[in-house]
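Here is a report on one protein chain.

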Amino acid sequence: MGSSLLVSKFRSGLVLLAVACVAMTMSACAGKTRPKLAYEERPVEALYNTGYERLQQRRWTDAVDYFQEVERQHPYSDWARRSILMQIYAYYQNNNYAEAIAAADRFIQLFPGNPSAAYAFYMKAVCNFEQITDVGRDQGYANAALSGLRDVARRYPGTPYAQDAAVKIDMVNDQLAGKEMNIGRYYQRANQPLAALNRYKAVIANPDFQRTSHTPEALYRLVEVNLQLGLKEEATRNGAVLGYNYPGSPWYAEAYALLTENGHTPDKAPEGKREGWLHRLIPG
């Protein structure tokens, strides 16, 4: 769906790094090479600190190995709890979204009341968010991201997680509204105006979609399709709503011209101008 929808790895990572630093002050590790992680009992501090060193070196897979070893050798300890958080971070940084989500689910299941559960919920949502594809494809990740982001906003109001979730929720809603528009245009090009009409109405009727960038075009398409169906009064009404809310939009300039051509000049003149590139977007 474009680079504007991708969250920065660095920015998201800062949250966990802050958690890690608060959770424990760690000593530096002397080793420079990664030993084979055959099972042998080792001090938990050494395992954890080596994993953290691998994170700093951006050796994500190696870091996961050490943090998993902490879990295996010291289950149910505070070290194990912190190690799961670090695995979420390492998997995420390595674009292993499914594994990051699985680690987040494990943390939530084991430590649902822990303050760091907020991070686990947030990272689940972010992992789905970053896998959202263009509007021409299935929007399963978008719907999963929206559900997760809303959950974060509901569970942890007033936190940085909730604040970032609110921004991303608007972006996902814009994506989902774009999907409805894409399908509506497809039906309109296929000369199925009623099916197209329902898609455009879905954008206008959904309060979450009404705030997206697609609303002016959706209103214009309703003018266009209603005129095609001979529903001139409905087309005029949609044009009036478009003109009242978006008088400077080129979509209203298009609607004004279209209604005028059909003998229904709106009361409100457009404040913006028609733009040639819009004609390339209009089906037919």
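## Loops, helix pairs and rings

Arg58 sits in the loop between helix 2 and helix 3. The model is a predicted one. Phi of Arg58 is near 65°, a positive value in a residue other than glycine. Arg58 is exposed, and its relative accessible area is 59%. That value lies over the 50% cut-off for an exposed residue.

Asn95 belongs to the loop between helix 4 and helix 5. Its phi is near 65°, again positive in a residue that is not glycine. Asn95 counts as partly exposed, with a relative accessibility of 45%.

### Overall make-up

The protein has 14 helices and zero strands. Read from the N terminus, its elements run α-α-α-α-α-α-α-α-α-α-α-α-α-α. Of the 284 residues in the protein, 49% are buried. Contacts between residues at least 6 apart in sequence can be sorted by separation: 58% of them join residues at least 24 apart.

### Two helix pairs

Two packed helices are described by the angle between their axes and the distance between the axes.

| Helix pair | Angle between axes | Distance between axes |
|---|---|---|
| Helix 2 and helix 3 (residues 60–73) | roughly 160° | within 7 Å |
| Helix 4 (residues 78–93) and helix 5 (residues 97–110) | about 160° | 8 Å |

How do helix 2 and helix 3 run relative to each other, roughly parallel or roughly antiparallel? Their axes cross at roughly 160°. Angles over 145 degrees count as roughly antiparallel, and helix 2 and helix 3 are therefore roughly antiparallel. Helix 2 passes helix 3 in a left-handed crossing. On the helix 2 side, the contact is made by Val44, Leu47, Tyr48, Thr50, Gly51, Tyr52, Arg54 and Leu55. Helix 3 supplies Trp60, Asp62, Ala63, Tyr66, Phe67, Glu69, Val70 and Gln73. By class, the contact of helix 2 with helix 3 has 10 nonpolar, three polar and three charged residues.

Helix 4 and helix 5 pack at about 160°, so they too are roughly antiparallel to each other. Their crossing is left-handed. From helix 4, the residues Arg81, Ile84, Leu85, Gln87, Ile88, Tyr91 and Tyr92 take part. They meet Tyr97, Glu99, Ala100, Ala103, Ala104, Arg106, Phe107 and Leu110 in helix 5. The residues in the contact of helix 4 with helix 5 divide into 11 nonpolar, one polar and three charged.

### Aromatic pairs

A pair of aromatic rings is described by the distance of the centres and the angle of the planes. The structure holds 11 aromatic pairs. One of them joins Tyr48 and Trp79, with ring centres 5.2 Å apart and planes at 65°. Planes over 60 degrees apart count as edge-to-face, so Tyr48 and Trp79 form an edge-to-face pair. This pair links distant parts of the chain. Tyr48 lies in helix 2 (residues 44–56) and Trp79 in helix 4, 31 residues apart. Both Tyr48 and Trp79 are buried. Ring pairs also bring in Phe67, linking Tyr48, Phe67 and Trp79 into a cluster.

Phe121 and Tyr156 form a tilted pair. Their centres are 6.2 Å apart, with 45° between the planes. Phe121 is in helix 6 (residues 117–129), while Tyr156 is in the loop between helix 7 (140–155) and helix 8 (160–189). The pair therefore ties together parts that are 35 residues apart in sequence. Phe121 and Tyr156 are buried.

### A buried glycine

Gly239 lies in helix 12 (residues 232–245). Is Gly239 buried or exposed? Its relative accessible area is 0%, so Gly239 is buried. Which residues does Gly239 contact, leaving aside its neighbours within four places in sequence? They are Val223, Tyr252 and Leu259. The C-alpha atoms of Gly239 and Tyr256 are separated by 7.2 Å, and the two residues are 17 apart along the chain.

How values were computed
Residues are numbered from 1 along each chain as its sequence is written. This is a predicted model: local features need pLDDT of at least 70, side-chain atom pairs count only at pLDDT 80 or more; totals for chains, interfaces and linings use all residues. Side-chain values use heavy atoms; hydrogens and water are left out. Axes are lines fitted to C-alpha atoms, for helices over the stretch in contact, and angles run from 0 to 180 degrees between N-to-C directions. Helices (H or I, at least four residues) and strands (E, at least two) are DSSP runs, numbered from the N terminus. Angles under 35 degrees count as roughly parallel, over 145 as roughly antiparallel, 65 to 115 as roughly perpendicular and the rest as oblique. A crossing is left-handed if the near helix is turned anticlockwise from the far one by less than a right angle, and right-handed if clockwise. Contact means heavy atoms within 4.5 Å. Ala, Val, Leu, Ile, Met, Phe, Trp, Tyr, Cys and Pro count as nonpolar, Asp, Glu, Lys and Arg as charged, and the others, Gly among them, as polar. Rings of Phe, Tyr and Trp (its six-membered ring) pair if their centres lie within 6.5 Å; planes under 30 degrees apart count as stacked, over 60 as edge-to-face and the rest as tilted. Buried means under 20% relative accessible area, exposed over 50%, partly exposed in between (1.4 Å probe, protein chains only).
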